Amino acid sequence: MKVAIIYESITGNTKLLADTIEKRFTKDEIVYCGDARKFDFNIDADLYFIGSWTNRGDMTLNVKNVLRRITNKNIALFGTCGYGGSIDYFKTLESRFKSSMDETNKYLGCFICQGKMPLSVKNRYIDMIKDNPLDKNLEVSLKNYEEAVIHPDMNDLENLKKFVSDVKNNI
Ligand SMILES: Cc1cc2nc3c(=O)[nH]c(=O)nc-3n(C[C@H](O)[C@H](O)[C@H](O)COP(=O)(O)O)c2cc1C
């Protein structure tokens, strides 16, 4: 089986997931593991893991552009997002991610976990709270930021390994 892992990651969270997926296959099986912008469409695979960080509630345009071009293959999606603690939110992201996939593909599921955000995000929340001390939503955002700091954690990566096993079994 030939496997391609194609993703975009700015601060390393989604790359960590991609590297973890890569290690679940032999070197011979991996035909590509890298940035979506550098993927050569002449490379052919049986199984594609397509991953993205979450930008404004969806996968990035570069990843969408790759996903849209793949047809008649086995596809599993993966990603990280800043907001956690809600299965419904992960489900919403999954359906948005999946909406860029051609229907001729066999869909093998989506793994999403929380991913830490840059310190600038926290500082922005703190500044906003100074200006709006009664805004409860800002407090929630700040709390979410602190919860995200440790992710992806060991538990996330163990869940990801199980996801990869399930994908292999369902292909
Ligand atoms: C410009 C920008 C927009 C973001 N938009 C969202 C979003 O809409 N929803 C969300 O849950 N996280 C959002 N995030 C958080 C990132 O998706 C999250 O930190 C992710 O793990 C980063 O992945 P990376 O390290 O692979 O780049 C955003 C981050 C940035 C920098």
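## The shell around the ligand

By class, the shell around the ligand holds 11 polar, five nonpolar and two charged residues. Here Ala, Val, Leu, Ile, Met, Phe, Trp, Tyr, Cys and Pro count as nonpolar, Asp, Glu, Lys and Arg as charged, and the others, Gly among them, as polar. The model is a predicted one: local features need pLDDT of at least 70 and side-chain atom pairs count only at pLDDT 80 or more, while totals for chains, interfaces and linings use all residues. Numbering starts from 1 along each chain as its sequence is written.

Which of the 18 residues around the ligand come nearest? They are Ser9, Thr14, Trp53, Gly82 and Gly115; a residue is near if its C-beta atom, placed from the backbone, lies within 6 Å of the molecule. Helices (H or I, at least four residues) and strands (E, at least two) are DSSP runs, numbered from the N terminus.

## Two domains

An automatic or database assignment sets the domain bounds: domain 1 is 3-116 + 151-170, and domain 2 is 117-150. Their centres, taken over C-alpha atoms, sit 28 Å apart.

Ten residues of domain 1 are in contact with seven of domain 2, contact being C-beta atoms, placed from the backbone, within 7 Å. On the domain 1 side, that makes seven polar, two charged and one nonpolar residue.

## Helix H4

H4 (residues 119-131) runs for 13 residues and reaches 19 Å from first C-alpha to last, close to the expected 18 Å, which is 1.5 Å times one less than the number of residues. H4 is hardly covered, with one buried residue among its 13 (buried: 20 or more other C-beta atoms, placed from the backbone, within 10 Å of its own).

Definitions and conventions
Contact = placed C-beta atoms within 7 Å. Buried ≥ 20, exposed ≤ 12 C-beta atoms within 10 Å, placed from the backbone.
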